[in-house]
Amino acid sequence: MVQLAPAAAMDEVTFRSDTVLSDVHLYTPNHRHLMVRLNSVGQPVFLSQFKLLWSQDSWTDSGAKGGSHRDVHTKEPPSAETGSTGSPPGSGHGNEGFSLQAGTDTTGQEVAEAQLDEDGDLDVVRRPRAASDSNPAGPLRDKVHPMILAQEEDDVLGEEAQGSPHDIIRIEHTMATPLEDVGKQVWRGALLLADYILFRQDLFRGCTALELGAGTGLASIIAATMARTVYCTDVGADLLSMCQRNIALNSHLAATGGGIVKVKELDWLKDDLCTDPEAPFSWSQEEISDLYDHTTILFAAEVFYDDDLTDAVFKTLSRLAHRLKNACTAILSVEKRLNFTLRHLDVTCEAYDHFRSCLHALEQLADGKLRFVVEPVEASFPQLLVYERLQQLELWKIIAEPVT
């Protein structure tokens with residue numbers, strides 16, 4: 001429901017939307033959606049399957065630059081030094097015989113001049129869906145879509161249920177929420193971060209890791225297939241309960257690597273962790289000690305949509321880095337969202353611009369104790385989860401090092 005906000009003058013007109021919908025669930029709009037339950041605030045909750053694309057034929061590239069799911073190209077597997085996805089995490093096998101089905105935007109055509117219609121307007125050619133291509137260059141790759149259960153039903157409907165349970169991640173989520181509840185949805189940035197975690201198994205294996213703003217917990221679940229302990233953090237009892245339920249739904253994945261996921265409250269607007277034993281998802285003193293003594297990896301996905309919250313995230317990152325006993329690395333996923341605003345009469349990306357300014361400020365921070373090295377991560381690693389990897393999806397790495 002979009003409402004026209006009251007304004008004193010026409011040049012101050014703005015539009016407000018009371019509902020936010022992630023687009024991960026829109027790839028197959030004709031698929032039936034049955035809700036699992038209502039959460040404590042009355043929002044419909046769905047259960048989706050996200051399929052890991054393991055197979056035993058060949059290795060194929062993900063086309064990290066691209067947007068199309070249509071084409072498949074062959075690529076050599078990465079070496080052990082740069083990370084490996086040669087087998088399901090925890091299996092103990094190498095790269096041999098591993099393959100990944102994924103898509104890439106490889107049209108190979110030169111950019112043509114803009115086409116105008118008979119009225120002189122720009123003629124926009126829509127990119128066709130992969131399924132509409134009558135002569136695809138390679139095998140079509142399934143698109144992600146919710147595979148929803150009826151309420152209290154235990155078995156997943158459809159053909160996707162027929163494979164190894166280690167190929168499926170089951171996530172409870174909502175489909176549309178107010179802005180303050182967007183953590184209950186699944187966003188592409190979380191899938192990109194999950195891909196990177198699976199690629200950089202060497203970075204996560206055996207470590208203690210902390211996710212900020214975990215939402216549905218998807219990235220934490222993936223991290224637990226390699227890490228020793230993952231602290232999966234967010235705020236809000238309803239959201240954390242959903243996250244805890246997702247951890248339980250996928251406990252078999254963490255068990256293969258021996259990882260433990262602990263769902264905890266971590267409020268970016270507070271300096272200290274909640275230790276009240278009466279509060280749900282609070283921290284024990286032993287957990288706080290373990291967090292500060294052993295954590296080497298911090299990660300977060302799609303939490304940079306509000307300037308005040310973005311400031312709070314970076315303050316929390318800095319505060320945690322100064323309290324951790326060991327040097328740490330933070331991996332951040334963000335989508336550069338372009339919006340046309342009447343205020344600017346132009347396409348802008350203010351949330352992303354503020355995120356970049358915070359990265360720059362962190363890099364310039366000099367307190368004599370730590371220095372922060374910021375660098376982009378090239379999204380050329382393989383794609384193991386099915387989603388549209390846009391050019392606007394970015395990963396950033398922050399390395400906190402002691403000043404010598």
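These are my notebook entries on a predicted model of one protein.

**Conventions**

I number residues from 1 along each chain as its sequence is written, and I work with heavy atoms for side-chain values, leaving out hydrogens and water.

**Entry 1: totals**

I looked up the secondary structure and found 8 helices and 14 strands. Both are DSSP runs numbered from the N terminus: helices are H or I with at least four residues, strands are E with at least two. The protein has 404 residues, of which 49% count as buried. I take buried as under 20% relative accessible area, exposed as over 50% and partly exposed as in between, with a 1.4 Å probe and protein chains only.

The protein exposes about 20400 Å², and carbon and sulfur atoms supply 51% of that area. The areas come from the Shrake-Rupley method with a 1.4 Å probe; for residues, only the protein chains shown count as cover. Among contacts with a separation of 6 or more, residues 24 or more positions apart account for 73%. A contact means heavy atoms within 4.5 Å.

**Entry 2: the sheet E3-E4-E5**

I traced an open sheet of 3 strands in the order E3-E4-E5, with antiparallel pairing.

E3 pairs with strand E4 (residues 44-51) in the antiparallel sense over 2 bridges. To count as a pair, two strands need at least two bridges found by DSSP. I noted Leu38 opposite Pro44 in E4.

**Entry 3: strand E14 and its partners**

How many of the 10 residues of strand E14 are buried? I get 7 for this strand (residues 393-402), so E14 is largely enclosed by the rest of the structure. Strand E10 (residues 328-335) runs antiparallel to E14 and is joined to it by 8 bridges. In that pairing Ser333 stands opposite Leu395. Strand E13 (residues 370-377) also pairs with E14 in the antiparallel sense, over 8 bridges, and there Phe372 faces Ala400.

**Entry 4: Leu193**

I placed Leu193 in helix H1 (residues 188-199). Leu193 has 0% relative accessibility and therefore counts as buried. Leaving out residues up to four places away in sequence, I find that Leu193 touches Ala219, Phe299, Ala300, Ala301, Ile331, Ser333 and Leu395. The C-alpha atoms of Leu193 and Phe299 are separated by 8.4 Å, at 106 residues apart along the chain.

**Entry 5: Thr177**

Thr177 lies in the loop between E5 and H1, and at 1% relative accessibility Thr177 counts as buried. Beyond four places in sequence, I list contacts of Thr177 with Asp18, Thr19, Val20, Gln43, Val182 and Gln185. The side chains of Thr177 and Gln185 form a polar contact of 3.0 Å. A polar contact is a pair of N or O atoms within 3.5 Å; within protein, one must be able to donate a hydrogen and the other to accept it, and residues adjacent in sequence count only if both atoms are side-chain atoms.

**Entry 6: helix H7**

I checked the span of helix H7 (residues 307-323): 17 residues at 1.5 Å a residue should span 24 Å, and the end C-alpha atoms are 24 Å apart, which agrees. The expected span is 1.5 Å times one less than the number of residues. At the start of H7, a side-chain oxygen of Asp306 comes to within 3.1 Å of the backbone nitrogen of Asp308. The buried residues of H7 include Phe314, Leu317, Arg319 and Leu320.

**Entry 7: positive phi**

I found phi near 60° for Phe281 and near 55° for Glu302. Phe281 sits in the loop between strand E8 (260-265) and helix H6 (285-294), and counts as buried at 19% relative accessibility. Glu302 sits in the loop between strand E9 (295-301) and H7, and counts as buried at 12%.

Definitions and conventions:
Predicted model: local features only at pLDDT ≥ 70, side-chain atom pairs only at ≥ 80, totals over all residues.
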